[in-house]
Every structure is written in structure tokens, then in C-alpha cells.
Amino acid sequence: MLRIDYESASQFLLEKDNFLVVCHACPDGDTIGSSAALVMLLRKKGKTAWAYCPDPIPEKLVPFAGNGIFTKDIPQDTVKISVDVATPAMLGDKQEAFGVFDLSIDHHKINSIPCERLLIRDNFISNAEIIADLYDELSVGIDKDAAVCLYAGISSDSGGFRYSNTRPQTMRLAARLMETGIDFAAINRQLFDKMTPPVLALMKAAYGSVELYYGGKLAIVTISKEEYEQSGALDTDLDEIKSIPRRIDGVEVSAMIRPKGDKAQISLRSNEYFDVAAFCREMGGGGHTRAAAFRTEGTPEQAKAMLIKALEGRL
Ligand SMILES: [Mn+2]
């Protein structure tokens, strides 16, 4: 795998044709928005390009997927680019489908995707910022359609420009995107304020289950298999629930534990100093410094006991 810069990434995009841009499973606004904006960029350069998502695109993210950008089948003999995918596990049940990517574009600290070339900016809060830089590198103006996708990516991964790794450059790019005339308030409402009945059902369960440990530095929300199934929520509905316990005063690390098939999925968030990415890597998972996850055997209750023990003396 070769680490490449913007110049050689652009060269690569100009030389090749027939691209498939692949986003991660259980998609978020960044992977969807970035992938769509990259396909738009490639098409502006006269290329054939499609995007593919290993999971159905959740309704909430459809406005950021562009029109006629995503294909439901995996086309053959394409130049494969992964966007925002840090590990093979992030491809969900499509891990085997892609083999080695020709190019991986990512902003995670550690990228273990099999790829020929890697364009990584691990200090960027979103992949969308990398795609915006590629527009500049290839001298393509960002139009309103692309701006909607890129803004959704940035806003989504920065929690609405609130997380600590939001950079001045992030805000400058957001300003540029706003100048295209996008309805940024509607994008933020779509990303952060809308709640479906299944999410409301899970919220009730989540608030009711909050427990604090280690002098209030660790907060855990546990959702049982019954609660999860009865709610009718999708995996992609869970983002806002993951953030609930982090809001409690004095909490550094928050966890949401829920069933995932026969296993339990533990999603961690931190506020100021605890590196949840490093912790989740120890446990066989991964993610970002302030948002990461791992999976473990057992019920959510068993996973909770294990987590509490694993964090003992570390907060
Ligand atoms: Mn991202």
C-alpha cells in the first residue's frame, strides 16, 4: 500500500475510468455525502462512476445521496475506491465482495483496508473535507448539489461543528458551501433534530437504563434484545441514542450497549481526554478518538459487566 498525496490521487482519478465508490456499512452522513460528492466530481471529469453502500441507505440520509448516484448492485471490472472505511469490518457483510481497493480515501487515525493507494488526512474531522480538496485539486467548482452532500458530511461528523477536532478550515469550507445557496438549516434539522417513532421508543428505554460508575465518569445505557426488537429501530437510527449518556454532567466516557445478532455491540463516546479509539482497538474494534465501538460475545447485560471491569482504574 502506497500513501499518496492530493496530486497523485488526482492523477490517478484522471488516468482511470469506470469507478465504483464504496461507503461503509451502517452508513452516516459523512460516508454517504462524501461518496456522492466524489461520484459527482468524477462525472464532471467525464468519467463513468457509481457509488455503492453495503447497507440500504436510511431514509434520513437519502437527501445526501444525490440523484442516480448509488447503484444497488456491485458492477464488475471497476476501479474501486473506498470512502470513510477504516477497517474491513466496516464493510459489514460485504467484506469479501471487494478484495483489494485501488484507492482508499479516509480520515480515520488507523486504516487497515486492503488497498493499493491510501489518501489519508487523519486530522480532518470528516472525509467530506478531503473530497472538497480534490474538487480544488482538479479545478472543479463545487455546485449546489455537491455542496449539500459535502455539508452533510462535515456537519454529521463534527456533530454540527461542536466536536473538538473541528478545524478553522472546517468552518471556512462550511462557509464556502453555504455560499452556494444550500439550505444548511434544513440539512442540520434532517441530521440532528428529526425523530422517528422507533427512535422515540428506544430513547425512552435508553433514558430509563442510564447507570453511572466510577464517581460519575462512566455512564452506560443498556438496551435489551426485547426493547431493541419491539422498537422497530434500525442500526442506523442509533446515533442520537449513543450520545445521550455523554450529556450527563461529569461524564467522560459514555457507552451504549445493545444486542447485535447473538453478540453485543458497545458504542463508546468520550468528552475530553479518554481515547475511546485506542480502547476499542484493544477490544478488537476501532473508530475515532471521541467515538468508537467494538463487539463482544454475550448478552448486553454480560457485556456491561465486562466493560465496567475493563475500564476499572482508567478514568
Ligand atoms: Mn467520517
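This is a predicted model: local features need pLDDT of at least 70, side-chain atom pairs count only at pLDDT 80 or more; totals for chains, interfaces and linings use all residues.

Q: Into which domains is the chain divided?

A: There are domain 1 (2–192) and domain 2 (197–310). Their C-alpha centres are 26 Å apart.

Q: How many residues of each are in contact?

A: Domain 1 contributes 11 residues, in contact with nine residues of domain 2.

Q: And what area do domain 1 and domain 2 bury between them?

A: About 820 Å² is buried between the two domains, with 55% of it on carbon and sulfur atoms. On the domain 1 side, Cys26, His108 and Ile110 lose the most area to domain 2, and together they make up 37% of what that side buries.

Q: Changing topic: where does the second largest pocket lie?

A: The second largest pocket lies between domain 1 and domain 2, because both give residues to its lining. The space in this pocket is about 250 Å³.

Q: Which residues line it, and of what class?

A: Among the lining residues are Pro58, Glu59, Lys60, Gln190, Leu234 and Asp237. By class, the lining has five charged, four nonpolar and three polar residues.

Q: Now the rings: how many aromatic pairs are there?

A: The count is six aromatic pairs. Ring pairs join Tyr52, Phe98 and Phe101 in a cluster.

Q: Which charged side chains sit over a ring?

A: Arg43 is placed over the face of Trp50, 4.7 Å from the ring centre. Arg121 has its charged end over the ring of Tyr6, at 4.5 Å from the centre.

Definitions and conventions: Residues are numbered from 1 along each chain as its sequence is written. Side-chain values use heavy atoms; hydrogens and water are left out. On a 1 Å grid over the protein atoms alone, a cavity is a set of points where a 1.4 Å probe fits but cannot get out, and a pocket is an open set with protein on both sides within 12 Å along at least five of seven lines; lining residues have an atom within 4 Å of a point. Grid points are joined across faces, edges and corners, and a volume is the space filled by probe spheres set on the points. Ala, Val, Leu, Ile, Met, Phe, Trp, Tyr, Cys and Pro count as nonpolar, Asp, Glu, Lys and Arg as charged, and the others, Gly among them, as polar. Domain bounds come from an automatic or database domain assignment. Rings of Phe, Tyr and Trp (its six-membered ring) pair if their centres lie within 6.5 Å; planes under 30 degrees apart count as stacked, over 60 as edge-to-face and the rest as tilted. A charge sits over a ring if NZ of Lys or CZ of Arg is within 6 Å of the ring centre and within 35 degrees of the ring normal. Contact means heavy atoms within 4.5 Å. Buried area is the accessible area (1.4 Å probe) that two parts lose on being put together, summed over both.
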